[in-house]
Structure formats: C-alpha cells, structure tokens
Amino acid sequence: MATEPLNTAEPVAAPRRPVLQSLDDALATLLAAVSATCAAQSETVSTFDALGCVLAEDVCSLLDVPPADNTSMDGYAMRAADVPVVGTVLPVSQRIPAGVVGQPLQPGTAVRIFTGAQVPPGADVVVMQEQCEAVAGDGLGAVRVNLVPPAGQWIRRRGEDVQRGAVVLAAGTRLTPAALGLAASVGAATLKVARRPRVAVFSTGDELVMPGEVLPEQMRPGAIYNSNRYTLRGLVQAMGCEVQDLGIVPDRLDATRAALRAAAARCDLIITSGGVSMGEEDHLRPAVQAEGRLDLWQIAMKPGKPLAFGAVRREDGSEAWFMGLPGNPVSSFVTFLLTVRPVLLRLQGAHAESWALRSYPLRAAFDWPKPDRRREFVRARVNAEGAVELFPNQSSGVLTSAVWADGLVDIAAGQVITRGEVVRFVPLSELG
Ligand code: AMP
Ligand code: MG
C-alpha cells in the first residue's frame, strides 16, 4: 500500500500532545492518506451477491428499457381519434396479455390489453378498464369508453427508463437493492466490483465480558458487556465488508501487538474500540507505534473526541490501516459513521458524493440553550409534524439513544438553537 508517512517522528512510547482538529480536517487527512486499493483489485461477482459493493466499471445498457411501448394499465388500447365523444362504443378486435405480441390495430376497434403488454402498432392510447364498460356481442364483444382519452395516456414509451448505450450505473456507485434491479433490467448477470474490504475488529478493555459467557447475575463488580463488538461488526457488515472478528484483546502489550500483527496480515483496515482516551493507561497506542505508526487525534466533535489513525506493518513491508475508535458505545457508533465509513468507501473507489455528509434542513422541536465548544452530533428523530426531536439523554454511554434515533442533528460549535429554528438533520439511513 503506498502511503504518506503520518508522523515523521520515530515511534516512541510517550504520547504526543494531541492536536484538537475539526472533523472536516481530520476527514480530509484520512481520505488523502487512503487510496482506492480495493477498487484496483476488482472482481466479477454475480449480481445476486453484489449488494453493498462498489462498482469498479460502468454498467452500460445494450437495449432500450422498456424494449417497446407497453401499457401501464389493464384496459383497452385504441386510437384516440376513434373516441371523439364520451360513451363511444368500439368492437374489441383482439386480446393481448403481457408477453404476447399482438397484430397491428384495426382502425375503429379497441384491443383488450393487460399491464406490461406491448401496445400494438396503430394504437396511441390506453384507457384503463375502470373507465370502460364491456358490451356483450359477437367474438370478443365491444367496449364503451366513458371518457375522451388524451392521446398517449397509460403508455410507457420504449426507452423511457433507459436508452440503449446509456450508462445506467457509473463506476464508483455503491450497489443498493434498487441498483441491483436496474443492473438486472439491462441484462447484467454479473458485475465488476471492488474487492470487499477485509476489516478486523477488536475490543479493548479488561472490564468487558461477553453476553452468553457471563450471565447478568454473575457479573463481577465493574464488568460490563461488550456491546461495541456487536455494533461495529454490524456496521462493517452493513458496509458490504468482510469482518475478521478478533474479539476482546486483553489489556497487555504483547497480546495487543500480536492481535495487530495477525489482523494486519489478512486485513485492509483494523478497527478497535476503547483505550484511545488521553491519559489512559492502555496498550493500544504503544502497540500500534511498535508495529507501525500512529497519530492520536482529539477531534472537536461530541461524541467521539479521541480518534486514532495509523497503519500496522505487515511482514512483506506493506501496511494495513488502523483506526482506533473511542470506547463509549455511542461515541464509537457515531465516529464509525462519520470517519470509518468514508474510509471504507474510499478504499472501494466509491465516488466522493457517497461519503459527503448529507444533511437536510428541518425545524427543531427542541431548545439548545447551552451549546458545547465542539461540534455536536445529537441523537434525534423526526416527529409526525416533520420537526426534529432529541433523545432526552445525550450521554455518550447511552446506547438506547442510538437505537431510538433515526438521525443526528449536526450542531455547530457554540450554536444556540431555539425551538422552531431550522437545524441540519443527518438521516442515519444516509449513513448505511
Ligand atoms: P475507553 O475509551 O476505553 O476509555 O472507554 C470509555 C467507556 O466506554 C468506558 O466506560 C468503557 O467501559 C466503555 N467501553 C469501552 N469498550 C466498550 C465496549 N466494547 N462495549 C461497551 N462499552 C465499552
Ligand atoms: Mg478502556
């Protein structure tokens, strides 16, 4: 992996004085350091298996979609000119279900037609069956048309969705379920995508125990369940990446170094939670410094002030990226969304808009009289009136808030907010 040195000093055990920097500056540094290495190692996968992957080449259409004019309603196809007045009766000359190609329309007749069927040559309008009455008679009978139809109505035009030769999905697009459907609609059974990043996750903290291993009533004093392991694992999987879960790494230097080496050998990125707060006695910092290089940042955001970024050397001299997230569950959740997610998208060659933080103006249903000196991302929800409400407890240990929330309000440093003012709302769905 070609990288710029993050810090020029030789690794030392003593922490360097952290620099408080803005989230935007930190992101710019991260995204400049990391390149699209996984996109460079693209692979061809079944369209069925490509959910969450990032396209490594454009998907072009070799056909028009729809391939021919077809009806979007069950009803009758006809010539608009044959229905000059409400109540005109036309004999029904043929019946065309979807998948059947009919004969050209005989002028002065109507064709019984069903949704998705190709509109026969000569017909220029479809009247939905709710606006017609079948009239008994010879053969297919006749139909009374209870309106004067505007030409073109209920006809989906050839190529109205996609034109032959068009790029329907550009390289760098992250594949959603709808994108997979669009690829399939132009016949793409396989897609060339960036290799899924391999991401190692481990938790630090001797207070951590695993659900299932220790029953709640058996918890020793001071112990807590390791929730970050589940949240971070889920976040990594939801990003279309492969997780290498290294579990809880004991708070010992040798164990931490060994875990980093093992993780670097098979992963593109190592994510850890906990042990990056300042002044803390932890082994992560010296371990990463001994195995590679590390910058520990204090980011001017809340939650999630501490963030470590660096790289761990592999035996062959290449490197795996390292990102150390704070231990507080809400902090690690928010920091992942705001900093790790863009890095993962960058590794996969996703286009820049996909990692930009998208927010929408909405009215505040709350007062924010005492802003912090740091930019805050508070857990929020849109109420039935379309205004933004806050979870009452914004502590970074309260994971309930992250489940309750459907978004984050992005509050600038020092920004006082009065109920009714417009705030910036970042939907969590935009960060998936
Ligand atoms: P740290 O960043 O290690 O100082 O941890 C900050 C807070 O987060 C402490 O209260 C830890 O107990 C808690 N914490 C750290 N790691 C985890 C984890 N994996 N799951 C849940 N809470 C954690
Ligand atoms: Mg800790």
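Biologist: Which residues in helix 4 meet which residues in helix 7?

Modeller: Keep in mind that this is a predicted model. On the helix 4 side the residues are Asn228, Thr231, Leu232, Leu235 and Val236, and they meet Pro329, Ser332, Phe333, Phe336 and Leu337 in helix 7. Sorted by class, the contact of helix 4 with helix 7 has 7 nonpolar, 3 polar and no charged residues. An α-helix has 3.6 residues a turn, so residues three or four places apart point the same way.

Biologist: How do the axes of helix 4 and helix 7 cross, and how far apart are they?

Modeller: Two packed helices are described by the angle between their axes and the distance between the axes. For helix 4 (residues 228–238) and helix 7 (residues 329–347), the axes come within 10 Å and cross at roughly 15°. Angles under 35 degrees count as roughly parallel, and therefore helix 4 and helix 7 are roughly parallel to each other. Their crossing is right-handed.

Biologist: At what angle does helix 1 pack with helix 7?

Modeller: The angle between helix 1 (residues 23–33) and helix 7 is about 25°, and the axes are 10 Å apart. That makes helix 1 roughly parallel to helix 7. This crossing is right-handed. Helix 1 contributes Leu23, Leu27, Leu30 and Leu31, while helix 7 contributes Leu338, Thr339, Pro342, Val343 and Arg346. The contact of helix 1 with helix 7 divides into 7 nonpolar, 1 polar and 1 charged residues.

Biologist: Is helix 5 parallel or oblique to helix 6?

Modeller: Start with the numbers: helix 5 and helix 6 pack at an angle of about 50°, with axes 9 Å apart. That makes helix 5 oblique to helix 6. The crossing of helix 5 and helix 6 is right-handed. From helix 5 the contact takes Leu253, Thr256, Arg257, Leu260 and Arg261, and from helix 6 Leu284, Pro286, Ala287, Val288, Ala290 and Glu291. By class, the contact of helix 5 with helix 6 has 7 nonpolar, 1 polar and 3 charged residues.

Biologist: How many residues of helix 6 are buried?

Modeller: Burial is judged by relative accessible area, and under 20% counts as buried. In helix 6 (residues 284–291), 6 of its 8 residues are buried, so that the helix is mostly covered. The buried residues are Leu284, Arg285, Ala287, Val288, Gln289 and Glu291. They pack against helix 5 (253–266) and several strands, including strand 14 (198–204), strand 18 (269–273) and strand 19 (292–299). Strand 21 (306–313) and strand 22 (319–325) are also among the elements they pack against.

Biologist: Is serine 61 buried or exposed?

Modeller: Serine 61 has a relative accessible area of 1%, so it is buried. Its place is in the loop between strand 3 (59–60) and strand 4 (70–71). Leaving out residues up to four places away in sequence, serine 61 touches Val162, Gln163, Arg164, Gly165, Ala166, Val168 and Val186.

Biologist: What is the relative accessible area of proline 121?

Modeller: The value is 52%, so proline 121 is exposed. Proline 121 lies in the loop between strand 7 (110–113) and strand 8 (125–128). Proline 121 and aspartate 69 are 52 residues apart in sequence, and C-alpha to C-alpha they are 9.2 Å apart in space.

Biologist: Which residues does the cis peptide bond with omega near -5° join?

Modeller: Most residues other than glycine have a negative phi, and most peptide bonds are trans. Here the bond from valine 65 to proline 66 is cis, with omega near -5°. Proline 66 sits in the loop between strand 3 and strand 4. A cis peptide bond also joins lysine 302 and proline 303, where omega is about 0°. Proline 303 is in the loop between strand 20 (301–302) and strand 21.

Biologist: What is phi of tryptophan 154?

Modeller: Phi of tryptophan 154 is near 65°, a positive value in a residue other than glycine. Tryptophan 154 is in the loop between strand 10 (142–145) and strand 11 (155–156). With a relative accessible area of 29%, tryptophan 154 is partly exposed.

Terms used. Residues are numbered from 1 along each chain as its sequence is written. Chains are lettered from A and ligands numbered from 1 in the order in which they are written. This is a predicted model: local features need pLDDT of at least 70, side-chain atom pairs count only at pLDDT 80 or more; totals for chains, interfaces and linings use all residues. Side-chain values use heavy atoms; hydrogens and water are left out. Axes are lines fitted to C-alpha atoms, for helices over the stretch in contact, and angles run from 0 to 180 degrees between N-to-C directions. Helices (H or I, at least four residues) and strands (E, at least two) are DSSP runs, numbered from the N terminus. Angles under 35 degrees count as roughly parallel, over 145 as roughly antiparallel, 65 to 115 as roughly perpendicular and the rest as oblique. A crossing is left-handed if the near helix is turned anticlockwise from the far one by less than a right angle, and right-handed if clockwise. Contact means heavy atoms within 4.5 Å. Ala, Val, Leu, Ile, Met, Phe, Trp, Tyr, Cys and Pro count as nonpolar, Asp, Glu, Lys and Arg as charged, and the others, Gly among them, as polar. Buried means under 20% relative accessible area, exposed over 50%, partly exposed in between (1.4 Å probe, protein chains only).
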